[in-house]
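Colleague: I would like a close look at one part of this model. Please take the aromatic rings and what surrounds them.

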Amino acid sequence: MPEPLHFKPVRFSETTITELMIPSYSNFGGKIHGGILLSLMDKVAYVCAAKHAGNYCVTASIDTVDFLAPIEVGELVSLMASVNYVGKTSLVIGIRVVSENVKTNSVNHTNTSYFTMVAKDENNAPTIVPGLILESQNEVRRFVEAIRRKELRQNYRQEVEQIKAPVNYDKYEHLLLNERCKLAVDI
């Protein structure tokens with residue numbers, strides 16, 4: 001894979017999708033279903049990543065998705081995406097989701113998430129993406145934050161591997177003492 005000779009500014013691929021929340025998007029509680037929002041977030045991440053990469057892109061991972069505020073039927077939801085970081089074949093897309101009640105003009109920040117996308121070539125192999133031109137302090141901040149989140153994910157993976165040990169009840173008994181669980185049989 002040859003290194004691309006070009007770079008693109010963040011603004012080149014910034015993408016906003018706005019959609020009206022309709023009744024079929026609601027859950028049993030009458031609020032917009034989280035899965036609908038995840039699908040919309042995946043869509044805007046793809047568009048932003050594909051514009052920057054100039055190739056098909058797939059979702060490799062999603063950082064934590066926190067639902068900060070509910071969204072009501074009838075509200076407009078805008079998903080704003082930008083490339084925050086590029087690696088060799090991957091891109092981190094930052095997404096900010098806001099809902100707007102058109103009757104009251106109230107706007108709520110409902111979600112922020114980071115999608116890692118991988119660019120693919122015609123043979124479905126990872127392909128190098130253009131570099132990123134950072135034109136503001138905010139863009140530099142986002143790039144550095146993405147590097148730090150990447151480091152945290154690597155540390156997290158290492159920690160998870162350490163807890164995947166076979167369960168030795170005697171060794172972990174103290175962890176169960178104040179939890180809401182009960183052993184059904186003598187283990």
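Is Tyr 56 buried, partly exposed or exposed?

Modeller: Tyr 56 is partly exposed, with a relative accessible area of 48%. Buried means under 20% relative accessible area, exposed over 50%, and partly exposed in between (1.4 Å probe, protein chains only). This is a predicted model: local features need pLDDT of at least 70, side-chain atom pairs count only at pLDDT 80 or more, and totals for chains, interfaces and linings use all residues. Residues are numbered from 1 along each chain as its sequence is written, and side-chain values use heavy atoms, with hydrogens and water left out.

Now the rings. A search of the whole structure finds two aromatic pairs. Rings of Phe, Tyr and Trp (its six-membered ring) pair if their centres lie within 6.5 Å; planes under 30 degrees apart count as stacked, over 60 as edge-to-face and the rest as tilted. Tyr 46 and Tyr 56 have ring centres 5.9 Å apart and planes at 55°, so this pair is tilted. Tyr 46 is partly exposed too, at 32% relative accessible area.

Tyr 85 and Phe 143 form a tilted pair, with 4.8 Å centre to centre and 45° between the planes. Both residues, Tyr 85 and Phe 143, are buried. Tyr 85 also touches Leu 91; contact means heavy atoms within 4.5 Å.

The charged end of Arg 149 sits over the ring of Tyr 114, 3.5 Å from its centre. That wording requires NZ of Lys or CZ of Arg within 6 Å of the ring centre and within 35 degrees of the ring normal.

Notes:
Lists of a residue's contacts leave out its neighbours within four places in sequence.
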